Amino acid sequence: MIKIKQRAFAVVFAIGGASSVAHSAALEEVIVTATKTSASLQDVPVAVQAFSAEKIEEANINNANDVAMMTPSLTVTSNTTPFNTKLSVRGLGTPQNDPALEPAVGLFVDGVFLGRSGLGMSDLTDIERIEVLQGPQGTLYGKNTNAGLISVVTKRPNFEETEGFIKVEAGNYQMRKLTLASTGPLNDTMAYRLSSSIHQRDGYLENAVGPDQNDADDWNVQAKMMWEPNDRLTVLLSGARTARNANCCAPDVLHSEEMLGKLDELDIEGYARDEDPNDPYDYKIAVNQPSAFQTESDLVSLKIDYDLDWAQLTAITGWNDHEYTTAGDSDRTPLDILYTEGQYGAGNSLSQELQLTASPSDVIDYQLGLFYYQQEIQRGDGGPFAFVGSDIDSSTGNAKSVALPGDELVGQHIWDSDTFAVYTQVTWHLGERLHLTGGLRWTEETREARLYLESFPVERPEGDEAQKEYFASITTEIDTRNNPLKRNSENVDWMLKAAMDVGDASMIYISAATGSKSGNFNGVNGAADEREFDDEDTLSYELGLKSDLLDNSVRLNIAVFQTEIDNYQSQKASEDADTTGTVVVNEDAAEISGVDIQLDARPLPNLTLSAGLLYLYKYELTETARPLNHAADFSGNLAATLVFPLADGMLYLRGDYAYQGEHVHTGVPQFSPLDVSDRELVNSKIGWRNEQWNISIWGKNLTDEAYASASTSYSGLSGQKMFFLTPPKTYGATLRYNF
């Protein structure tokens with residue numbers, strides 16, 4: 001908390017001496033769809049952080065990491081690829097290094113569930129609203145929302161007039177970005193919306209022997225067509241394509257002393273020992289294999305709303321298809337020791353949801369729903385993806401005693417799942433102030449796993465057959481292609497909630513809810529009969545307050561919560577001394593308890609303040625007392641926006657500050673001080689705008705904080721420890737024209 005106070009001036013410096021408030025302006029009402037119906041944020045008895053289109057533009061929110069900066073309960077981390085992204089809410093989340101692991105935080109775009117968190121890591125374009133729901137949401141949203149969910153709502157076509165915008169951005173690291181959007185009516189019953197974005201940036205991780213790493217080369221395009229033939233029926237067809245082609249997600253490295261000696265012998269310019277090449281936070285590396293990442297993703301959805309007079313019927317169909325390839329320097333040196341190339345991943349999903357919403361009287365509201373979801377996830381295409389290079393003898397780990405140049409790994413893993421669910425939620429209004437809600441969801445899921453991994457060692461000299469067998473043993477070879485691993489599970493999730501209106505502008509609520517996250521078959525290590533891991537279940541209790549004070553110029557929301565997790569799914573280093581990598585297991589249990597506070601205020605008509613605080617007083621595995629990754633005692637954010645009239649527009653100034661206390665950022669059970677960090681970020685933006693123009697300059701991470709969102713154990717094969725650093729200080733300018 002001391003650090004929060006020390007840095008608070010970076011955000012609220014613009015407030016000056018304005019201590020007396022003669023006139024105040026009310027905060028804007030925020031409409032959310034957290035309960036799958038439109039309602040005011042303050043009327044929904046759920047802990048929700050919501051960002052409108054205006055707030056997204058004002059705060060320069062471009063991706064999920066920017067959302068996390070403004071939401072103390074949310075953390076977003078990635079390592080070797082965006083598809084390994086971990087979304088955490090209130091300290092609970094799941095990394096997806098192994099595709100068999102399902103997320104604990106659901107990701108929804110226009111009501112369509114995306115089974116891979118990495119699908120949401122591209123630039124956010126043409127967004128109407130982002131909602132972060134905290135706590136289990138199993139009743140209405142289903143499996144894999146144990147910790148909460150992120151709902152992204154894109155803008156709809158405009159039937160009233162033709163409008164749009166052009167936005168151009170430029171910044172350091174040769175960043176350039178172009179965003180376009182246009183919408184309008186085609187006739188009395190049809191309207192369209194088109195948007196697109198192109199984003200390029202040089203890498204911020206300086207590479208002494210090749211191209212700099214962690215650059216950006218992304219583009220996306222979205223198209224929508226809406227048909228409203230009458231007052232009862234609305235049909236919205238949406239399609240989007242996203243593509244990325246970057247040298248992405250490379251780490252900084254801590255090398256062993258033996259490897260440093262070998263690197264000294266290479267005499268690499270810009271990577272000399274006197275320049276401290278062993279600082280894993282200096283954004284300097286020397287790798288001869290780029291961390292390449294290429295992906296293409298398509299998302300198509302069809303939403304039909306029909307007014308039945310007595311109820312609203314909604315049908316949402318979603319289809320997603322994606323594929324990607326990765327490459328990387330496994331030894332993280334200029335030597336040709338170990339590397340991956342052409343590692344293939346893909347997936348597709350089809351979902352269908354039917355929902356009936358009705359209010360037959362002033363006393364009762366209810367929802368009924370059916371949900372079907374089919375998904376296939378693939379890693380590997382049956383060809384080689386991991387290679388032993390010609391410099392294997394230079395390895396400082398045990399690789400040189402195991403492998404020879406030319407050794408390869410070949411594999412293909414495919415996971416199939418089918419999910420069917422029935423759900424209902426009913427709210428009884430007992431008088432004008434007391435509201436009771438109950439929800440129930442039954443889910444059945446079947447899974448199959450066709451796992452194949454095989455080593456292809458080169459011929460050993462006579463007498464070295466033991467080494468050949470040892471190399472084969474560390475790969476945990478498996479082949480279930482003709483005899484898939486299968487599992488079936490049924491889950492019942494429930495929710496009970498009571499809410500009471502206090503006065504005209506406040507509400508208190510108390511709730512209990514459960515959630516479930518699918519089990520599967522891990523794709524890394526273990527014999528076939530040891531691959532299965534079980535479902536993860538949560539039970540959460542919450543006591544909340546939502547209040548608008550001082551003529552709606554102050555908004556205070558508080559939630560006290562406790563979450564108990566049974567069969568906690570985790571990915572940890574294999575305990576088998578003869579194998580490498582990680583394995584997915586069910587831990588005994590975990591518990592998270594804390595308080596979440598959100599305060600918004602408008603003390604002056606031209607000044608808006610916001611503050612958030614998450615205090616976790618328990619976040620650990622109950623059996624070992626090991627703290628959960630990326631969970632801290634205190635996390636918080638501060639924000640201030642000040643506006644002044646100027647010419648025919650407004651001059652505006654915004655500052656943001658985010659803090660997270662000391663937390664573990666590695667999956668290694670026996671972590672070291674290097675695996676524990678805190679984090680402070682300062683962003684700022686100043687600009688001028690009117691109805692047509694918006695001109696601004698901005699900066700992110702202005703204190704140039706070097707922070708590792710994830711770290712690994714020391715590699716047993718090549719001897720290094722990796723630190724995945726978030727971007728250093730970035731800055732630039734934006735010009736937007738609305739038409």
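Guide: Happy to! Let's start with Ile198, which lies in strand β13, spanning residues 190-201. Strands here are DSSP runs of E with at least two residues, helices are runs of H or I with at least four, and both are numbered from the N terminus. The model is a predicted one, so local features need pLDDT of at least 70 and side-chain atom pairs count only at pLDDT 80 or more, while totals for chains, interfaces and linings use all residues. Residue numbers run from 1 along each chain as its sequence is written, and side-chain values rest on heavy atoms, with hydrogens and water left out.

Ile198 counts as partly exposed because its relative accessibility is 42%; buried means under 20% relative accessible area, exposed means over 50%, and partly exposed lies in between, with a 1.4 Å probe and protein chains only. Ile198 also belongs to a nonpolar surface patch of about 890 Å², together with Ile166, Val168, Leu178, Leu180, Trp219, Val221, Trp693, Ile695, Leu735 and Phe739. Two or more patch residues come from each of β11 (163-171), β12 (175-185), β15 (216-227) and β40 (693-700). For the patch rule, residues need over 30% relative accessible area and no salt bridge; nonpolar side chains (Val, Leu, Ile, Met, Phe, Trp, Tyr) are joined within 5 Å, and like charges within 9 Å. A salt bridge is a side-chain nitrogen of Lys or Arg within 4 Å of a carboxyl oxygen of Asp or Glu. The areas come from the Shrake-Rupley method with a 1.4 Å probe, and for residues only the protein chains shown count as cover.

For a contrast in cover, turn to Asn247 in strand β16 (residues 233-247). Asn247 has a relative accessible area of 17%, so it is buried. Leaving out residues up to four places away in sequence, Asn247 touches Pro211, Asp212, Gln213, Asn214, Asp215, Pro290, Ser291 and Ala292, where contact means heavy atoms within 4.5 Å.

Strand β10 (residues 148-154) has 7 of its 7 residues buried. Gly148, Ile150, Val152 and Thr154 point one way from β10, and Leu149, Ser151 and Val153 point the other way. β10 pairs with β7 (residues 105-109) in the parallel sense over 5 bridges, with Val105 opposite Gly148. β10 also pairs with β9 (residues 127-134), here in the antiparallel sense over 7 bridges, and Ile127 stands opposite Thr154. Strands count as paired if DSSP finds at least two bridges between them.

Further along, β31 (residues 536-549) and β32 (residues 554-566) pair in the antiparallel sense over 13 bridges, with Gly544 bridged to Ala559. These two strands form a hairpin with 4 residues between them, and Leu550 in the turn has a positive phi of about 50°. β32 pairs with β35 (residues 589-604) as well, again antiparallel over 13 bridges, and Ile565 faces Ala590 there.

Stepping back, the protein holds 7 helices and 43 strands, and 56% of its 739 residues are buried. Its C-alpha trace spans about 85 × 55 × 55 Å along the principal axes. Of the contacts between residues at least 6 apart in sequence, 68% join residues at least 24 apart.
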